[in-house]
Amino acid sequence: MTLSRTLCFIATLSLCLSLLNTAQANPFTDAEDAVKYRQQALSMMRDNFGIMSAMARGDRDYDAEQFKQRAKAVYHLSYIPWDAFQGVGERVTENSDALPVIWENWSDFESRISNFQQAVQELVEAADSGNMREIRPKFMTVARNCQQCHQGYRAD
Ligand code: HEC
């Protein structure tokens, strides 16, 4: 092999390796770890959501700063669980309530994710107003996004 052909071969190999790396959808090689990761993120989402929910229902005094902080946390978390449904996290049922229909309907699942993220972004913006009358409908939209996705894609 001439030098230039060798270099070309190495360049192709490293391109190939970098493509393989980007195909890796999450940091896991073990399916159970992927399931645990997404469930932990979703649990943190619930913990933050629960506080907002109590304030929106009037079960807890409305605290604008606290509400804003929880809304932002849910916004960040809304980007976390989903890649753990890919790669080794696909079609895992043991220890998971994810329904197999997720992977049969992946593009619908993805569009629910982006609608959800959009709804949470609007909630964060409304939270800045400090006005519960503006916040409540945005909060309800987010809650509906959680419920509707669970109805279609989560067991129980
Ligand atoms: C795009 C779909 C989708 C949206 C939106 C969604 N979830 Fe889920 N959620 C799931 C799926 C699927 C599971 C099951 C995950 C598993 O067990 O592998 C789940 C599981 C959970 C769990 C259980 C985690 C555990 O420890 O087993 C909680 C809590 C949860 N979601 C809360 C929420 C809350 C709160 C929201 C809205 C703020 C929300 N989810 C939005 C799909 C969604």
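Helices here are DSSP runs of H or I with at least four residues, numbered from the N terminus.

**Figure 1. Overall fold of the protein chain in the predicted model.** The secondary structure of the protein chain comprises six helices and zero strands, so that, in the numbering by DSSP runs, its elements read α-α-α-α-α-α from the N terminus on. Of the 156 residues in the protein chain, 17% are buried. Among contacts in the protein chain with a separation of 6 or more, 72% are made by residues 24 or more positions apart.

**Figure 2. The shell of residues around the ligand.** The ligand is surrounded by 23 residues, of which Q39, R46, S96, C146 and C149 are the closest. Helix α2 gives the most to this shell, contributing eight residues, and at least two residues each are supplied by α2, by α5 (106-129) and by α6 (132-153). Sorted by class, the shell around the ligand holds 13 nonpolar residues, together with five polar and five charged ones.

Figure 3. F49 counts as buried because 22 C-beta neighbours lie inside 10 Å, where the cut-off for a buried residue is 20 or more. The view also takes in A71, whose C-alpha atom is separated by 7.6 Å from that of F49, although the two residues are 22 residues apart along the chain.

**Figure 4. N95 in the loop between α3 and α4.** N95 is found in the loop that runs between α3 (64-77) and α4 (101-104). Its phi is positive, at about 65°, although N95 is not a glycine. Most residues other than glycine have a negative phi. N95 counts as exposed because it has 10 C-beta neighbours inside 10 Å, and a residue is classed as exposed if that number is 12 or fewer.

**Figure 5. D156 in the segment after α6.** D156 is placed in the segment that follows α6, a helix that supplies at least two residues of the shell around the ligand. With 4 other C-beta atoms within 10 Å, D156 is exposed. D156 is not a glycine, yet it has a positive phi of about 85°.

Technical notes. Residues are numbered from 1 along each chain as its sequence is written. This is a predicted model: local features need pLDDT of at least 70, side-chain atom pairs count only at pLDDT 80 or more; totals for chains, interfaces and linings use all residues. A residue is near a molecule or strand if its C-beta atom, placed from the backbone, lies within 6 Å of it. Ala, Val, Leu, Ile, Met, Phe, Trp, Tyr, Cys and Pro count as nonpolar, Asp, Glu, Lys and Arg as charged, and the others, Gly among them, as polar. Two residues are in contact if their C-beta atoms, placed from the backbone, lie within 7 Å.
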